[in-house]
Amino acid sequence: MRIVRPGGLSNAAIARLFTLPGQVVSLLVLVMPLLVALYMSFTDWSPTHGSLFDASFVSFENYSELLVWDTRFTYAVVRTLLISIVCLCLEFTFGLGLAVLFLRKFRGKSLLFSAFLTPMMILPVVVGYIFWMLFQSNGPINQILEFLFGPQAALEWFRSAPTAIFAVILTEVWHWTPLFFLILLSGLNSIPENPIRAAIILGASPRQVFWRVVMPMLKPVITVAFVIRAMEIIKLFDEVFMLTRGGPGSSTETISLYIYKLAFNDFQLAYGAAAAFLVLLGSLMLVHLLLAPVRDQLLEGNR
Amino acid sequence: MSTCKLELVSLAKEYADGNVIAVDGINLQVEAGETIALLGSSGCGKSTTLNMIVGLETPSSGDILVDGTSIVGLPAGKRDVGLVFQDYAVFTSMSVRKNLAFGLEVRGKGRAEVDRAVAEVAELLGMSDRLDARAKDLGGSELQRVAIGRTLVTKPSILLLDEPLSNLETAARMAMRNELRRLQSEIGLTIIYVTHDQVEAFSLADRIAVMDAGKILHVEKSAVICDKPSHTFVAGFLGFPPMNLLRGRFEGAGNAAGFNNGAFTLPVPETPALPKGICTMGIRPQALHLAPEGGAAMTGTVVLLEPRGPESVLTVNIGPTKLKALVPSDVRLSEGQKVGLNLDYETVLFFDSEKNRSMDFQLNAGRCA
């Protein structure tokens, strides 16, 4: 029923009125900056050259520069994607393994559970700093290597591209495996018991039960975990910034790091904005692709 | 017995270090090709019994024999026993075909053999045209059929059904009941059927085992168990409505004998050797008849008259005691009205007061005023 108030406003109109402050705030802090950045990406503005409105409009020049001529950008994109894929695969594998282990009962389970979740709660900058310390040429990791394999086993971790990338991946995997572990564990726990029992009675081995019955039911959860982590890891910045600053050369430079350098080292804010918009488009498409196979399953809900 | 397909020998299951006894030493023999229903209210241990037979739970003590050999040591899946779950537990991520094929595929059977078996079972269940449907798009009775078919494909020698019809609506339930009966006669399976629904038990099972508090109280042919229950629990559980149970003792003798249950004394016909001491009298609702208030064995006030198709269930208060009687549906009675009741004395059963077991005693037929 539509209740009309003395003031002449219906319930729905009042409700809309109450959402107004929220809409104004989101307009100011979300939509406006985004639009300003979008406009900026079509100009040649730099903070050292006066106001944004005085800057000349260059249409798609920034974008074509990025996509066609800027190989450093292309490399950063490819590098970020490769690091992401490797990290996500490792994090998923370890997370799933741990989650399956945690389905059993053992002593000290709750203590280990808290311990395994701790990395996730540490600030990325702090994680980066910790691993930067660990990988120093006279740091603990080299000391252990020297102890195990003799003095020539020590490595200059941040001086060569492969070891630097390895350090980045290791840090990232250590930091974010717990998230996969947590999501997959709750997914495993929410799987109904009877299909598993039915499979056992039908003669399936534990391996067959896992791959044929459990994994298909876990698929939506796995996808969601991947999507969440993919969105995060594409923005990979803090750890790399602390560990290598993109070096040696630009061998560990991720997209975020490159955009950061463009904007705050070279003051090419317009160019950086264009790069950021390309990344935004790319990650939107990526997430969309990742979600495609389970979209129906997620939207349908449990029946 | 050597023809036993399945035998449970003082099978028991305890939880929490013996503090909770789910199944308390049950003995049961099931013959090949027989359908037996485990009937009991929820929490009486019937599902635990099924789980032990199928191998999902290990018995605390006792033995399970199939064809005379113990299967307790065998893992689930190697026991040649199939179980259909109450919630069907169909693999929703697979198609119907994949569901049906699952049992054979995990055993590493060849493609041709699997296809043939699946086609056979789909034919049997009338699902040949639905093989490629996704399991999550199926309705209740179709899920049910997939669940049964998935088990039948592996050709188990014993099929266990855990309340398979309770999630279905009435029409589907009737159809499925017929289907199960047909399957059973076509394949000659040994079926053990767990249910809390008497109608289901009576309509499907050759024999009924009534369970309560982890014990099997009575195993009997379903045609007989209602009329000759051997335990007061069974008497008070089976039937629509169940038997009236009156606790009391015989007083007097000969012509003046009567059964005193504290509230009133029911005169009984002259019968030799009346049992001494307290016992329980079981009167079937069918054995009670309306009579004119004057010459009736009992008189009471009408509490409730529930029409039930061709008959009505009449509840009468005699003092604090409630009696239920079946009366023709054309009887018109109003609440609070006084009525007289007579009974067929020869059908009355007696149970001893200590073990609640039936006693070998019958009243003579007759009328007494």
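Reader: Which residues in H1(B) are buried?
Author: A residue is buried if 20 or more other C-beta atoms lie within 10 Å of its own, exposed if 12 or fewer, and partly exposed in between, with C-beta atoms placed from the backbone. In H1(B) the buried residues are B:Lys46, B:Ser47, B:Thr49, B:Leu50, B:Asn51, B:Met52, B:Ile53 and B:Val54. Helix H1 covers residues 46-54 of chain B and is mostly covered, with 8 of its 9 residues buried. Just after H1(B) comes B:Gly55, which takes a positive phi of about 105°.

Reader: How are the names and numbers to be read?
Author: Residues are numbered from 1 along each chain as its sequence is written, and chains are lettered from A and ligands numbered from 1 in the order in which they are written. This is a predicted model, in which local features need pLDDT of at least 70, side-chain atom pairs count only at pLDDT 80 or more, and totals for chains, interfaces and linings use all residues. Helices (H or I, at least four residues) and strands (E, at least two) are DSSP runs numbered from the N terminus.

Reader: How many helices and strands does chain B have?
Author: Chain B has 8 helices and 20 strands. Its C-alpha trace spans about 80 × 45 × 35 Å along the principal axes. Of the 369 residues in chain B, 41% are buried.

Reader: In what order do the 6 strands of the open sheet in chain B stand?
Author: Two strands pair if DSSP finds at least two bridges between them. In this sheet of chain B the order is S6-S7-S8-S3-S9-S10, and the pairing is mixed. Strand S6 (81-84) and strand S10 (215-221) of chain B are at the edges with a single partner strand each, so one side of each has no neighbour in the sheet. Neighbouring strands of this sheet are turned by 20° against each other on average, direction ignored. Such angles run from 0 to 180 degrees between N-to-C directions, and the axes are lines fitted to C-alpha atoms, for helices over the stretch in contact.

Reader: What joins S3 to S9 in chain B?
Author: Strand S3 (residues 35-39) and strand S9 (residues 207-212) of chain B run parallel and are joined by 4 bridges. Here B:Leu38 stands opposite B:Ala209 in S9(B). In a regular strand the side chains alternate between the two faces of the sheet.

Reader: Which residues does B:Ala209 touch?
Author: Two residues are in contact if their C-beta atoms, placed from the backbone, lie within 7 Å. Not counting residues up to four places away in sequence, B:Ala209 touches B:Leu28, B:Ile36, B:Ala37, B:Leu38, B:Leu39, B:Ile216 and B:Val219.

Reader: Which strands are at the edges of the 5-stranded sheet?
Author: That open sheet of chain B has the order S15-S19-S16-S17-S18, with antiparallel pairing. Strand S15 (288-291) and strand S18 (321-328) of chain B are its edge strands, and each pairs on one side only. From one strand to the next the twist averages 50°. S15(B) pairs with strand S19 (residues 338-343) of chain B in the antiparallel sense over 4 bridges, where B:His289 has B:Asn342 in S19(B) as its bridge partner.

Reader: How many residues lie between S1(B) and S2(B) in their hairpin?
Author: There are 4 residues between S1(B) and S2(B), and B:Ala16 in the turn has a positive phi of about 50°. Strand S1 (residues 4-15) and strand S2 (residues 20-31) of chain B pair over 8 bridges in the antiparallel sense. B:Leu6 stands opposite B:Val30 in S2(B).

Reader: How many residues of chain A are in contact with chain B?
Author: The count is 15 residues of chain A in contact with 19 residues of chain B. Helix H8 (193-201) and helix H9 (206-234) of chain A each supply at least two residues of the side of chain A that touches chain B. The largest share of that side, 6 residues, comes from H8(A).
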